[in-house]
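Open the structure in your viewer and keep the selection tool at hand. The stops below say what to select and what is there.

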Amino acid sequence: MAYPMYEVDWSVLPPEQNRRFNPAFNIATIKQVVNEAIERVRMPTPTRLRDLIRQIRAARTAAEERSVVNKECAYIRSTFREEDSVWRCRNIAKLLYIHMLGYPAHFGQLECLKLIASPRFTDKRVGYLGAMLLLDERQDVHLLITNCLKNDLNSNTQFVVGLALCTLGAIASPEMARDLASEVERLIKSPNAYIKKKAALCAFRIIRRVPDLMEMFLPATRSLLTEKNHGVLITGVTLITEMCENSPDTLNHFKKIVPNLVRILKNLILAGYSPEHDVSGVSDPFLQVKILRLLRILGKNDAEASEAMNDILAQVATNTETSKNVGNTILYETVLSIMDIKSESSLRVLAINILGRFLLNNDKNIRYVALNTLLRTVHVDTSAVQRHRTTILECLKDPDVSIRRRAMELSFALMNSQNIRAMMKELLSFLERSDAEFKAHCSSAMVLAAERYAPSSKWHLDTLFRLLLKAGNYLRDDTVSSTIQIISAAPTERQAYAAMRLWTSLERSAVSGDATEKQPLVQVAAWTVGEYGDLLVSEASNAISMVDEDGVDDFVRPTEEYVIDIYQKLLWSTQLSITTKEYLLLSLAKLSTRFTTRPSQDKIRVIIDTFGSHIHIELQQRGVELSQLYRQYAHLRPALLERMPAMEAPSGGARDDSDPETDAPLDSSHDAPHHRTDQDALLDLIIGSEPMSNGDAEHETPPPATNNNTSTSNDILDLLSGLDLSTPSVTAPAPTPVTNSVPASNLLLDGLFSTPQPTAPTGAQTETRVSALERNGLRVEFVVARGSAPGSATLTMRAASSARAALTDFLFQAAVPRVSTHTTSHTCHLAISTRSTFRCFWVLRSSWY
């Protein structure tokens, strides 16, 4: 008898007609079918996943979407309360979608474990997916999954084993990784390629999580490179790359496989068409990229390994097709490998030329990658990158903002003393048309480059002036001060040129009304015109060439009245900052001593008097103080507003750092005339230019008792610089004032030695000579001898000068802390018949020796 209707499922045939009949299995199957039928009758069919997605997408508002989600979550919770839910798999799938939308779905974690324990593959697949999304090592529930994973890793079905390996790699905690690492290591040796590649990827994740387990996988990992399956090769190379990046010892261990990697890569290049691995005419580009990256790691700082891979890298660079994006990807990895290993110079030039071709590509992503790579490798071979300078400068005009930024950074990296003129010209054009976000960084880098590579001072000044004009208010604050310092230290002819050039820019800004956008330019121009305004309006300015790089001379010598009118227009502007107006107001006051005509003087005075009632307190104070220079202090105005001396660069001059302790006195001695002149000038400006007893050698001073200016001078110096001309040491009483004393700022050896003692040496005693200072023709020597009294010593200072000019008013002081002292004054003769005054200290101290 035939039963055609039962050909699909023979298990439901009558027992006498079915030799495979199993009563126990038949009863279990019947029970399950009956339970499912009862479940379907008792409970309505739940919404399918696609229907839920359709409902959520149809929601018009967020509140309506939340209503749909909450309703569905409530239904899913109710089904989870049932012991044997037929729809658990469907409900977990919907819950995972709800979780992806950002709604809480933690209540489905245990249901995922139930699905994982199910014998059905469809249930396991959804269960493991839910475990990967809803569980992590911070959840205690994930500990319950360890046994399920171990059972599934030993399954006979490769897809079940693959699910378990994927889940283990995704949610493995350190404890779980240590428990199951041996199972993963066993599966790496499996003959099944599908399981082998899954196990290799799982080992990759385990090593990243627990690096201590790396040694366990070493023997099995090396055998992965002998496989012919490309999936296994990719996972094996990925695993070895991770090991080499994390452990130097493992890196040295795997350097032996460089020939194997070279052979695999060569086979890929020379292999014919393979439909299984071909991507746009390139044989398995994914595997090629992985191998190139591993070669880069193995060949870094290793000449032998680099030599072994030079030929294959050159072959890849020359044989790869560049018309497709796949070929460009392989070439990019090849370039990175060539630049990182110890490759030959010709190979590096080839790599940089490949990047140069990338710059000509129509794809902006490839151009960006090329610029980014050139920026990282420009220090390796700068000359090779310089060949593509023109193409890089063309990228400054690219519409893409990221490409322009990288091109700008690379342009600054390529600057040197040979190409500074051409590069700066292009960057100035870029600065003028660039967006606001580029101006600050670009202008700052241009200032530094101009300072470092300037071929001449005139070019340096012209470049700074163009920057002030084109960068506007985006310049850094220190650019103003550095430009002023350069102008002040320039020769007189260059200072006149700067004043004329800046006046032209200042006039244009005032007339066009855009001075508000170029306030750093206004500040520098105001300072320069104020200092050198006499050179600006004098006839001597006609002899200075003002032809710029474009061959245009647009300078017209202004009159004094016109200069004041421009200043007035700027000072009356309501848009300029207070700082800029302070520059302008002080500059205008200085012009009162530079201009000679009476109408100019009167006009300047009227403008300054107007600021005496300004609403801003700083400008009002300046206006009042400057107005006083036209009234009761008119005789001080020329001295106060005279031209400033040359400013020193912030870095300072060259210094001898061989002995800092002895350099400090020498520097003070060397700079003493300069400091003394500065004090004189400062005191002359404040209390007049009459002679005063400030300890200066240049003034012939009467005794202190009859000169009232002595205390005044000392008080002013105390207020301005903290110098104390008569204050004694902390523990020593004040010495008797000497008629021809010098300021404390001119002391040579103040505080250098702690306990000098001025008793007469005994000829029979043993002397110890110490050379304290010997520089610039001045020699200071100390002679120490044991004194006649117990616990005493004699210290004699001898100073000699071999300089041509006589030294006058030489002052010696020594500070002696925490000892009782007796002071006397002595006079010694220098080598060149000059009389010098110094102070010695008689020290009684039992612990001298």
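**Whole chain.** This is a predicted model. Show the protein chain as a cartoon: it has 36 helices and seven strands. Of its 849 residues, 45% are buried. Among contacts between residues at least 6 apart in sequence, 65% join residues at least 24 apart.

**Asp-284.** Select Asp-284, in the loop between strand S2 (282-283) and helix H15 (285-299). Leaving aside residues up to four places away in sequence, Asp-284 touches His-230, Ile-234, Leu-268 and His-277.

**Helix H19.** Select residues 364-377. The 14 residues of H19 should span 20 Å at 1.5 Å a residue, and its end C-alpha atoms are 20 Å apart, which agrees. Now colour its buried residues: Ile-366, Arg-367, Ala-370, Leu-371, Thr-373, Leu-374 and Thr-377. They cover an arc of only 165° around the axis, so they lie on the same side of H19. Show the helices that these buried residues pack against, including H17 (325-340), H18 (345-359) and H22 (401-414). At the start of H19, look at Asp-363: one of its side-chain oxygens comes within 3.0 Å of the backbone nitrogen of Asn-365.

**Glu-183 and Arg-186.** The chain has 36 salt bridges. Select the pair Glu-183 and Arg-186, whose side chains form one of 2.8 Å, N to O. Both sit in helix H9 (residues 174-188), three residues apart, so about one helical turn separates them. Glu-183 is buried, at 13% relative accessible area, while Arg-186 is partly exposed, at 39%.

**Asp-534 and Arg-643.** Next, select a salt bridge with its closest N and O atoms 3.0 Å apart, between Asp-534 and Arg-643. This pair links distant parts of the chain, 109 residues apart: Asp-534 is in helix H28 (residues 519-537) and Arg-643 is in the loop between H33 and helix H34 (660-670).

**Arg-779 and Glu-781.** Select these two to see a salt bridge of 3.2 Å, N to O.

**Gln-632.** End in the loop between helix H32 (617-628) and helix H33 (637-640), where Gln-632 is found. Gln-632 is exposed, with a relative accessible area of 53%. Its side chain makes a polar contact of 3.1 Å with the side chain of Gln-628.

Key: Residues numbered from 1 in each chain as written. Predicted model: local features only at pLDDT ≥ 70, side-chain atom pairs only at ≥ 80, totals over all residues. Heavy atoms only, no water. Helix = DSSP H or I, 4+ residues; strand = E, 2+ residues; numbered from the N terminus. Contact = heavy atoms within 4.5 Å. Expected span 1.5 Å × (residues − 1). Buried < 20%, exposed > 50% of the residue type's maximum accessible area, 1.4 Å probe, protein only. Arc of directions from axis to C-beta. Polar contact = N/O pair within 3.5 Å; in protein donor to acceptor, adjacent residues only side chain to side chain. Salt bridge = Lys/Arg side-chain N within 4 Å of Asp/Glu carboxyl O.
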